[in-house]
Amino acid sequence: MSPSRTLSARRPAIVATLCAAALALTGLAAVPPAGAPTAAVARPYQDPSLPVPERVDDLLSRMTTDDKLGQMTQVEKDALVPQSDLAAHRIGSVLSGGDSTVSPNNPRTWADTYDSLQRTALTTPLGIPMIYGIDAVHGHNAVRGATLFPHNIGLGATRDPALVQRVGRAVAEEVAGTGIDWSFAPCLCVARNDRWGRTYESFGEKPELPTSMATFVTGMQGTALGGDGASVLATAKHYLGDGGTTGGVDQGNTELSEAELRAVHLPPFQEAVRRGVGSVMLSYSSWNGVRSHAHKYLVTDVLKSELGFGGFVVSDWAAVDQLDGQSGFTGAEITTAVNAGVDMVMVPHDYRKFLTLLRGEVNAGRISQARVDDANRRILTKKFQLGLFERPLTDRSYTSSVGSAEHRALARQAVRASQVLLKNDGGVLPLAKNAKLFVAGKSADDIGNQSGGWTLGWQGRSGPVTEGTTVLQGIRAAAGDPSRIRYDRYGNGIDGSYTAAVAVVGETPYAEMHGDRPGSMGLDPEDLQTLARLKASGVPVVVVLVSGRPLDIAAQLPDWKALLAAWLPGTEGAGVSDVLFGDHAPTGKLPMTWMRSASQQPINDGDGKSPLFPYGHGLTYGTGPDPDPDPEPAPKACTAQFKVASSWSGGYQAEITVKNTGTGPLTGWSAAWDLGGSTVTSLWNGSLTVAQGRATVRNAAHNGALSPGATTSFGFTANGGAGTPAPQCTGS
Ligand code: GLC
């Protein structure tokens with residue numbers, strides 16, 4: 001990665017000297033803010049050698065109410081008119097929303113824009129730096145020329161948390177190179193219904209997969225926030241249950257018992273908190289009819305108290321406006337959200353009205369001073385830990401990392417590892433490099449389609465939106481003789497002389513609710529017509545699916561010799577051709593169960609439905625044809641793994657994962673273990689019997705069927721101590 005200069009907070013004296021020198025070099029000499037008393041030494045909050053809590057206490061003691069309310073306010077960059085309002089209203093945070101950009105769109109302009117805003121923020125009497133947030137959700141995707149990595153659904157398919165951590169670090173270097181301090185990533189959503197327009201922002205449908213990928217947080221922040229100039233504040237989002245709404249409706253209603261909500265959607269956030277994530281963004285969605293942004297129990301009692309989250313909670317874009325069902329926001333809505341536990345409000349436009357209303361609510365006592373101080377303490381702690389007071393301006397040593405060869409090589413590796421080979425009849429893959437190939441499909445030569453949403457704009461778009469390599473360019477570069485590769489988007493001109501046809505088809509870009517698919521989940525008419533042309537030629541057809549989710553393709557699958565799920569690979573399309581030609585064998589595993597029909601949605605591992613391809617499915621090269629079915633019934637074998645999910649004085653919540661370790665399918669299972677004196681108080685995804693202090697749980701109707709290697713889980717809460725039981729599993 002780029003040379004990282006480490007101004008570690010561990011050597012304060014050196015740090016202070018270097019910082020003063022650095023600030024002097026940036027023209028922002030360590031001069032006390034205008035109007036401040038000149039002092040031989042910095043005020044305590046300006047002294048990096050002091051512990052952060054002391055600096056926070058000192059700064060809080062000097063802040064006016066307006067200073068404090070401004071810290072709780074986040075404003076869209078383009079709404080800050082005039083820019084001096086940033087200081088005049090003491091605004092503590094700026095963001096670039098999905099369509100916010102700079103012109104010309106290049107890393108230097110972003111860094112200059114950031115520095116100009118920061119210099120304005122530092123003119124306030126206390127000189128509190130602002131913190132700038134952006135959605136760098138699959139690379140620094142607002143910046144033209146940045147490296148775009150696979151969206152999370154592809155990263156989940158890699159099953160490689162260490163790789164994902166390296167991706168997080170690379171993204172942080174590119175973000176830091178433009179000055180920006182904070183990314184609204186990773187989404188730790190557990191997508192349970194593929195109709196949801198944000199399925200591709202999820203690492204997978206089972207909590208353990210997004211949980212394992214919380215390494216992205218460590219990649220972004222470093223093992224210690226502010227450890228070097230590329231440490232960027234991460235955001236675990238969207239808390240809680242955004243991927244579990246009924247019907248997969250974006251911003252909809254998640255109808256689950258508390259036990260199921262905790263079992264399915266909470267674990268990734270527990271892991272992110274354990275990894276020190278600095279911020280959490282709330283979900284627009286509701287839990288059993290109550291909006292997350294109004295949910296004091298979930299936000300304050302569970303996230304902050306039970307999980308011990310010490311960072312700050314930020315609202316989603318104008319989410320506070322939704323609380324009363326009317327457009328616009330009111331003082332009452334602001335009070336509901338802030339008292340539920342929101343520390344910073346992403347307004348994002350009418351900051352004057354927001355601050356007037358917020359001040360009114362505080363002056364009326366409907367928002368306590370203690371709540372205001374707690375919010376400020378949380379926000380300022382992260383600003384201090386990030387090193388913003390010492391290093392407020394862009395660290396330009398990272399600017400050249402934006403779109404660097406190193407990062408693109410890492411992205412290409414991530415693309416390779418994310419490819420999931422679902423079908424490969426007759427070993428048609430890997431393709432020979434001297435093969436005569438016909439390439440078709442709307443996404444074969446389209447970097448916009450292969451990057452998906454959140455790409456140079458909120459919704460993304462088809463076309464040459466940024467620099468990178470399309471799948472076709474990758475194929476041509478890998479082929480021995482590019483003249484033997486013919487491309488026609490629609491398949492026109494194909495004949496029987498080709499070794500194979502490669503059809504790169506799927507979805508065009510979308511984001512959020514614009515990607516919801518309540519109806520058909522199949523291929524669009526253009527793709528179907530292209531595939532029909534290829535089929536008519538009699539040439540073997542290899543399909544590469546560029547999509548943000550599994551699609552309903554069972555009817556077409558028999559016509560395809562091979563199917564490779566490429567997901568949304570980003571700028572390095574050559575990672576797909578690396579796998580097509582066998583330079584790298586496919587290793588990806590499905591992060592989502594693949595439906596047999598859209599009518600099956602939601603369909604998830606262990607729910608008893610019969611998928612086209614099960615969660616975890618993925619072929620590789622070198623495996624011969626499927627072995628003949630064994631005439632003897634395969635032995636029924638399974639294991640049961642116990643894990644404490646959370647504990648409190650006098651009780652605990654546990655999860656037991658059952659795995660089919662046999663070579664044949666299970667139609668049912670049971671797990672038994674000694675309770676060690678504890679008593680089960682609630683249980684989900686199974687049925688419990690207890691005899692002589694021993695618990696036996698049999699599968700629920702929906703999670704009994706397990707194909708070889710598949711897993712499912714059940715959970716329970718109990719009084720007493722968890723101990724370390726070793727459950728015995730019996731398959732049937
Ligand atoms: C959006 C998204 C959220 C994003 C925020 C800022 O509506 O829900 O994921 O971080 O606004 O762009």
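How far is an oxygen atom of the ligand from an N or O atom in the side chain of Arg198? The gap is 2.8 Å. This is a predicted model, where local features need pLDDT of at least 70, side-chain atom pairs count only at pLDDT 80 or more, and totals for chains, interfaces and linings use all residues. Residues are numbered from 1 along each chain as its sequence is written, and side-chain values use heavy atoms, with hydrogens and water left out.

View 1. Of the 13 residues around the ligand (a heavy atom within 4 Å), Asp135, Arg198, Lys237, His238 and Asp316 come nearest. Asp135 puts a polar side-chain atom 2.5 Å from a ligand oxygen. For Asp316, a side-chain N or O atom sits 2.6 Å from an oxygen atom of the ligand. On its own the ligand has 310 Å² of accessible area (Shrake-Rupley method, 1.4 Å probe), and the protein covers 96% of that.

**View 2. The largest nonpolar core.** Here we're looking at 167 residues: buried Ala, Val, Leu, Ile, Met, Phe, Trp, Tyr and Cys joined through side-chain atoms within 4.5 Å, where buried means under 20% relative accessible area with a 1.4 Å probe, protein chains only. Tyr239, Leu580 and Trp594 have the most contacts inside this core. Helix 7 (residues 161–176) gives the largest share, 8 residues.

**View 3. Around Tyr239.** Setting aside neighbours within four places in sequence, Tyr239 is in contact (heavy atoms within 4.5 Å) with residues including Leu266, Phe269, Met281 and Val302.

**View 4. A second core.** This separate core has 20 residues, among them Ala640, Ala654, Trp669 and Val697.

How values were computed
Buried means under 20% relative accessible area, exposed over 50%, partly exposed in between (1.4 Å probe, protein chains only). Helices (H or I, at least four residues) and strands (E, at least two) are DSSP runs, numbered from the N terminus. A polar contact is a pair of N or O atoms within 3.5 Å; within protein, one must be able to donate a hydrogen and the other to accept it, and residues adjacent in sequence count only if both atoms are side-chain atoms.
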